[in-house]
Amino acid sequence: MSESMLEITLRVMDKRRKEITDCPINQKLVREYFEEGCLCVLNGDIHCPPDQPDDVANVFYMMWCGCSRHYDSTLRYNGNDLR
Ligand SMILES: [Zn+2]
């Protein structure tokens with residue numbers, strides 16, 4: 001499951017990258033924010049391999065995190081990214 005989520009993330013990466021590069025927050029801090037407090041990550045519902053770079057991981061978390069840790073629910077994946 002995590003593999004296909006990552007594959008989808010990588011496919012929409014170019015489109016989503018802008019959302020985080022426009023964000024002034026440090027990429028590493030965003031990643032830590034999710035990995036330290038996201039219930040989806042802590043419960044194992046979503047998993048981004050640790051060897052993925054921060055920008056990929058952050059797009060992944062913004063697409064797949066479904067808990068209250070997400071700071072902007074409008075950035076969640078809804079299927080429209082692939083159209
Ligand atoms: Zn979450």
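Me: What makes a helix crossing left-handed?
Reply: A crossing is left-handed if the near helix is turned anticlockwise from the far one by less than a right angle. In this predicted model, the crossing of H3 and H5 is left-handed.

Me: At what angle do the axes of H3 and H5 cross?
Reply: The axes of H3, residues 27-37, and H5 cross at roughly 45°. They come within 9 Å of each other. The angle therefore makes H3 oblique to H5.

Me: Which residues meet there?
Reply: From H3, the residues are Gln27, Lys28, Val30, Arg31 and Phe34. On the H5 side they meet Asp54, Asp55, Ala57, Asn58 and Tyr61. By type, this contact divides into 4 nonpolar, 2 polar and 4 charged residues.

Me: Stepping back, how many helices and strands are there?
Reply: The protein has 5 helices and 0 strands. Read along the sequence, the pattern is α-α-α-α-α.

Me: And how much of the protein is buried?
Reply: Buried residues make up 22% of the 83 residues. H5, by contrast, is mostly covered, with 9 of its 11 residues buried.

Me: Which ones in H5 are buried?
Reply: They are Val56, Ala57, Asn58, Val59, Phe60, Tyr61, Met62, Met63 and Trp64.

Me: What about the largest nonpolar core, how many residues does it have?
Reply: The largest nonpolar core has 14 residues. Those with the most contacts inside it are Phe60, Tyr61, Trp64 and Cys65. Helix H5, residues 54-64, supplies the largest share of this core, 8 residues.

Me: Take phenylalanine 60. What is it in contact with, leaving aside neighbours within four places in sequence?
Reply: With those neighbours left aside, phenylalanine 60 is in contact with Leu6, Thr9 and Cys48.

Me: And valine 59, why does it count as buried?
Reply: Valine 59 is found in helix H5. It is buried because 25 other C-beta atoms lie within 10 Å, and the cut-off for buried is 20 or more.

Me: What does valine 59 contact, again leaving aside neighbours within four places?
Reply: Valine 59 is in contact with Thr9, Met13, Arg16, Arg17 and Ile20. As for arginine 76, valine 59 is 17 residues away from it in sequence and 9.4 Å away in space, C-alpha to C-alpha.

Me: Changing topic: where does isoleucine 46 lie?
Reply: Isoleucine 46 lies in the loop between helix H4, residues 39-42, and H5.

Me: Is isoleucine 46 buried or exposed?
Reply: Isoleucine 46 is buried, since it has 21 other C-beta atoms within 10 Å. Its C-alpha atom is separated by 7.0 Å from that of tryptophan 64, which is 18 residues apart from it along the chain.

Me: Then asparagine 80: buried or exposed?
Reply: Asparagine 80 is exposed, because 8 other C-beta atoms lie within 10 Å and the cut-off for exposed is 12 or fewer. Asparagine 80 is found in the segment after H5.

Me: How far apart are the C-alpha atoms of asparagine 80 and valine 12?
Reply: They are separated by 9.8 Å, although the two residues are 68 residues apart along the chain.

Me: Last one: among contacts between residues at least 6 apart in sequence, how many join residues at least 24 apart?
Reply: Among those contacts, 73% join residues at least 24 apart.

Key
Residues numbered from 1 in each chain as written. Predicted model: local features only at pLDDT ≥ 70, side-chain atom pairs only at ≥ 80, totals over all residues. Core = buried A, V, L, I, M, F, W, Y, C linked by C-beta atoms within 7 Å. Helix = DSSP H or I, 4+ residues; strand = E, 2+ residues; numbered from the N terminus. Contact = placed C-beta atoms within 7 Å. Axes fitted to C-alpha atoms, helices over the stretch in contact; angles between N-to-C directions. Parallel < 35°, antiparallel > 145°, perpendicular 65-115°, else oblique. Nonpolar A, V, L, I, M, F, W, Y, C, P; charged D, E, K, R; others polar.
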